[in-house]
Amino acid sequence: MGKATGFLEFDRENTKTVDPKSRIKNYNEFHFPLCEKERRNQGARCMDCGVPFCQSGMMIKGMTSGCPLNNLIPEWNDLIYTGNWQQAYNRLKKTNSFPEFTSRVCPAPCEAACTCGLNGDPVTVKDNEHAVIEKAYAEGYAAAHPPKLRTGKKVAVIGSGPAGLAAADQLNKRGHSVTVFERSDRLGGLLMYGIPNMKLEKWVIERKISVMKEEGVSFVVNADVGKNYKVNKILRDFDRVILACGASNPRDINAPGRDGLGIYFAVDYLKATTKSLLDSNLEDGNYISAKDKHVVVIGGGDTGNDCVGTAIRQGCASVTQLEMMPKLPDKRTDDNTWPEWPRICKTDYGQEESIAVFGKDPRVYQTTVKEFVKDGEGKVCKIITTRLAFEKDPETGRNVMKPVEGSEKEIPADLVLIAAGFLGCQSYVADAFGTELNVRTNVATEAGSYQTSVPKVFVAGDMHRGQSLVVWAIREGREVAKEVDRSLMGYTNLA
């Protein structure tokens, strides 16, 4: 696939980015594409490797290797190289409902498993995908294609994140009548309010939603099912129901002073900023501002990085990001071989911006909060941290993180953002439908199935598997669509 000698002739060339000190002046996406000739050269780098691990979607040592959507990557890389953009789009859409989302926010496990990356630089799969989908919109390939026949069956999808949208898209293409219920005032779930605008501009979501509406999908916003929208009505009006409400129950930090003012969950901070940005370009002031504040972000993942980037754009005085785990090595170790997901230290856009603005990486490793210190008005003013070290638990024999005595430090903190991940779904939706939960507080199903304990009710995405990648959510949305279709029709022809 691609040019037989392309990986020898052409070096990897990443999409260009705006300089950190310039891009922090706004909340816009900051990547701009290569010209078509250069992009076709990048497609040419895809080698005829025989066994394309990039599209495998395997789990190795608990980590994703290759694309969970099983995207036909070598095929559309070859079509990019030959300039057959419409066919490249057709092959991409065969497995991926939303390349416009994944090409912006997916961490690209496909590239980590690329054979070119074994002894060199992997193919720019993510950027190639972005080029294909944007070309499709520009040329009209991605226009609406409503189904020609309707089955007369009605399906309700609760939640408009990537899993819910993928399920709705597939079931609508099959000819079922689909209605998506979203509790927020805008569609997209965490894509809309949980991911900052600089990673995913919201017109991208609205563009795809407009296509889905043209194709016949119905949407209802401000419908908080289980609260202001009755479950009995949905069960009465629809033949099947899919729960796709995400894993939006944030993990807290239990330390003295946690009740102090100025301590927020990251998801609330990010949502408020994006909503105010969309509503009024931040002029309404209805957001949590980091301006002139010393910001501490607790958590080292993508959400923590998003908080760092957002706080810098708001004009914070400083930003510190606490990570419980040790710093990862800069290169793969001998026990982390290809095509496993590379457990290496990566500097994301927010950390790059901190380095540019403050002259240092914001991350402090093997550290946690021991105490939140409040001032006389009950506001957080600083935190006391403690170092962590691995110790063997004498009862289980497992290595656990324990505080290091005497390692306490004080850090100024006017605003603390907790980005420590999510524990599972918010139970009120599951309770309203009467579905069982598993020990991880996700909606329970039998292995390999999306059917809940309640007849006619299915589940998919993070609400089913726990906090995960957008590609896993899309995959589950597509798979639950097949199961629902089979339950309605007795068979399915969905891919």
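Let me begin with Tyr 229, which at 23% relative accessibility counts as partly exposed, a class that lies between buried, under 20% relative accessible area, and exposed, over 50%, with a 1.4 Å probe and protein chains only. Please keep in mind that this is a predicted model, in which local features need pLDDT of at least 70 and side-chain atom pairs count only at pLDDT 80 or more, while totals for chains, interfaces and linings use all residues. Residues are numbered from 1 along each chain as its sequence is written, and side-chain values use heavy atoms, with hydrogens and water left out.

Rings of Phe, Tyr and Trp (its six-membered ring) pair if their centres lie within 6.5 Å, and planes under 30 degrees apart count as stacked, over 60 as edge-to-face and the rest as tilted; by this rule the count comes to six aromatic pairs. For Phe 181 and Tyr 229 the centres are 5.0 Å apart and the planes stand at 55 degrees, so this pair is tilted. Phe 181 also pairs with Phe 238, edge-to-face, at 5.9 Å centre to centre and 85 degrees between the planes. Phe 181 is buried at 3% relative accessibility, and Phe 238 is buried too, at 9%. Together, Phe 181, Tyr 229 and Phe 238 form one aromatic cluster.

Turning to charges over rings, where NZ of Lys or CZ of Arg must be within 6 Å of the ring centre and within 35 degrees of the ring normal, we find Lys 227 over the face of Tyr 428, at 4.3 Å from the ring centre, and the charged end of Arg 258 over the ring of Phe 265, 5.4 Å from its centre.
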